[in-house]
Amino acid sequence: MTLYELGKEYLSQADNLHTLILNYSAQAKTLSGIRLYEINSQIVTLREMERETRIIGKQLTEYYEKSNSAKSYHKHQYN
């Protein structure tokens, strides 16, 4: 598996987490009391997981693009 493919997997998982967040948010509208508190706590945790997963996925998928751009820049800079 390449870094690009791994990054795509991370982005896919971030999308899955986002869907889960949307489902929990819809459920939260029907809850109250301790159950509402619990689901909101889960949503906060899932949002952080989604954010971190998406950041890592983007970094991995763009790794070679940035690397190639830097090489290209240096290549043209000295010619």
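Which residue's side chain meets that of Asp 15 in a salt bridge?

1. The partner is Arg 54, at 3.2 Å, N to O. This is a predicted model. The pair links distant parts of the chain: Asp 15 sits in helix α1 and Arg 54 in helix α2 (residues 33-77), 39 residues apart. Arg 54 is partly exposed, with a relative accessible area of 23%. Asp 15 is also partly exposed, at 40%.

2. A network of salt bridges takes in Asp 15, Arg 54 and Glu 50. The protein has four salt bridges by the rule used.

3. Arg 35 pairs with Glu 38 at 3.4 Å, N to O. Glu 48 pairs with Arg 51 at 3.0 Å, N to O. An α-helix has 3.6 residues a turn, so residues three or four places apart point the same way.

4. The fold has two helices and zero strands. Helix α1 covers residues 3-28, and its 26 residues should span 38 Å; the end C-alpha atoms lie 37 Å apart, which agrees.

5. Buried residues are 18% of the 79 in the protein. In α1 they are Gly 7, Leu 11, Ala 14, Leu 17, Ile 21 and Ala 28.

6. Of the contacts with a separation of 6 or more, 70% join residues 24 or more positions apart.

Conventions:
Residues are numbered from 1 along each chain as its sequence is written. This is a predicted model: local features need pLDDT of at least 70, side-chain atom pairs count only at pLDDT 80 or more; totals for chains, interfaces and linings use all residues. Side-chain values use heavy atoms; hydrogens and water are left out. Helices (H or I, at least four residues) and strands (E, at least two) are DSSP runs, numbered from the N terminus. Buried means under 20% relative accessible area, exposed over 50%, partly exposed in between (1.4 Å probe, protein chains only). Contact means heavy atoms within 4.5 Å. The expected span of a helix is 1.5 Å times one less than its number of residues.
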